[in-house]
Amino acid sequence: MTSVTDRPRIAVLISGRGSNLQSIIDATRSGALGATIAVVISNRAEAPGLARAREAGIEALFLSPREYPDRDAYDRALAQALRERDVVLVCLAGFMRLVGQPLLEAFPHRILNIHPSLLPSFRGLHAQQQALDHGVRMTGATVHVVTPDLDAGPIVMQAAVPVLAGDTVESLAARILVEEHRIYPLAIAAVLIGRQPPDPPAQCPASALAASVPFEASDAIRIVELRSAAGDTTRELRKRFPRSSIALFDDRFNVASLDWWDAMRRADLVVAPFVMPALTDAKKQYLYKAIGDRVSARGGVLVLDRVDGSSSPLLHQLMWLKHAGFAHVDCAWLVGGLAVFGGFTPRAAVSESPPPAGS
Ligand code: GRF
């Protein structure tokens, strides 16, 4: 176990409200994010997020751009303040300034940003308004690495959010914000894990999968695992959910055949460890839909697979899960091309009552 003082030191840069900052503070406090926020820096004196930092006992620094002759000088001052505090990762959270070369060079690939759209759609300001203007049915939130081009760096994590009839910028922004708050700490943790000597859960994708199941350890959940013999994921799930039941299949199990799909009926969790490459894209979509139709009202699916070229792109799979009716869709863990992702709480859960007589 790492002690609090060994934790990687991160910084959060803000310009305003700081609700994402708050979600990061909360995650470091609960232990969900194994990091210490060394400093919060704002380019605006009146940013309410500075007070959030102070309340949490975190150093809150206002660095006024007016005191520097140009953008580069300001960025150098930022870089210096961050280096002095031994920061290893910089997280922009509503920081309303373009990040220039001096800061990018001081923290290469070590600056993250959160943006309220599914990038590469709707870069720049007013992303929610852009989504409404285009009439898209699906938008979301993206955590990405900051590069010289605005909102164009490598994507770390995304969550999809539906656009509903009658949405205003405010209602859509609020729905996206819920997902922002959920994925930003997860994305920071994923980036830190990829860089640090990994903790045991990070070395073992099966335990990362078990850790990301959104049920209480004491829940007697019904799990269906798409494999014929118990493996690492089965063991990790048994460890975390000792009261659960885990259904496996026999030796003739073939994931690509459709005949076993009813075994998932009313399961709370369907686990698909390394089976997706056996399916065509059409079958994956069909499978996700079938799971969404069959699992219990709180149920969902978790997939453990490669997403680095040997399988369908992660984003496509997340979209298919969303289209299959899952409300909480995201990638919980991504290290070295291996990912744990899935969806929970189907909005159109199957009725638990028996079909009417004669049907
Ligand atoms: C968020 O919507 C974030 O995606 C964008 O700016 C907003 C900041 O909100 N970059 P808050 O200050 O974290 O509440």
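Student: Hi! Which residues of helix 1 meet Gly49, Arg52 and Ala53 in helix 2?

Tutor: Hi! They are Leu21, Gln22 and Ile25. In contact here means that the C-beta atoms, placed from the backbone, lie within 7 Å. Before we go on, this is a predicted model, where local features need pLDDT of at least 70, side-chain atom pairs count only at pLDDT 80 or more, and totals for chains, interfaces and linings use all residues. Residues are numbered from 1 along each chain as its sequence is written.

Student: What classes do the residues of that contact of helix 1 with helix 2 divide into?

Tutor: There are three nonpolar, two polar and one charged. Ala, Val, Leu, Ile, Met, Phe, Trp, Tyr, Cys and Pro count as nonpolar, Asp, Glu, Lys and Arg as charged, and the others, Gly among them, as polar.

Student: At what angle do the axes of helix 1 and helix 2 cross?

Tutor: Roughly 15°, and the axes come within 9 Å. That makes helix 1 roughly parallel to helix 2. Angles under 35 degrees count as roughly parallel, over 145 as roughly antiparallel, 65 to 115 as roughly perpendicular and the rest as oblique. Axes are lines fitted to C-alpha atoms, for helices over the stretch in contact, and angles run from 0 to 180 degrees between N-to-C directions. Helix 1 covers residues 19–30 and helix 2 covers residues 48–55. Helices (H or I, at least four residues) and strands (E, at least two) are DSSP runs, numbered from the N terminus.

Student: Is the crossing of helix 1 and helix 2 left-handed or right-handed?

Tutor: The crossing of helix 1 and helix 2 is right-handed. A crossing is right-handed if the near helix is turned clockwise from the far one by less than a right angle, and left-handed if anticlockwise.

Student: OK, another pair. How do helix 10 and helix 11 cross?

Tutor: Their axes come within 8 Å and cross at roughly 40°. Helix 10 passes helix 11 in a right-handed crossing. Lys284, Gln285 and Tyr288 of helix 10 make the contact with Gln317, Trp320 and Leu321 of helix 11. By class, that contact has three nonpolar, two polar and one charged residues.

Student: Which residues in helix 11 are buried?

Tutor: Gln317, Leu318, Trp320, Leu321 and Lys322 are buried in helix 11. A residue is buried if 20 or more other C-beta atoms lie within 10 Å of its own, exposed if 12 or fewer, and partly exposed in between. Just after helix 11, Gly325 takes a positive phi of about 105°.

Student: Strands now! Why is strand 7 largely enclosed by the rest of the structure?

Tutor: Six of the eight residues of strand 7 (residues 155–162) are buried, so it is largely enclosed. Strand 7 pairs with strand 6 (residues 138–145) in the antiparallel sense over seven bridges. To pair, two strands need at least two bridges found by DSSP.

Student: How many residues of strand 11 are buried?

Tutor: Six of the seven residues of strand 11 (residues 300–306) are buried. Strand 11 pairs with strand 10 (residues 269–273) in the parallel sense over five bridges. Val303 in strand 11 is the bridge partner of Ala272.

Student: Last topic, loops. Where is Phe274?

Tutor: Phe274 lies in the loop between strand 10 and helix 10. Phe274 has a positive phi of about 55° although it is not a glycine. With 18 C-beta neighbours inside 10 Å, Phe274 counts as partly exposed.

Student: Is Asp86 buried or exposed?

Tutor: Asp86 counts as exposed because it has 11 C-beta neighbours inside 10 Å. Look for Asp86 in the loop between helix 3 (71–84) and strand 4 (89–92). Its phi is positive too, at about 55°, and Asp86 is not a glycine.

Student: What kind of peptide bond joins Leu119 and Pro120?

Tutor: A cis one, with omega about 10°. Pro120 sits in the loop between strand 5 (111–115) and helix 5 (127–134).

Definitions and conventions: Contact = placed C-beta atoms within 7 Å.
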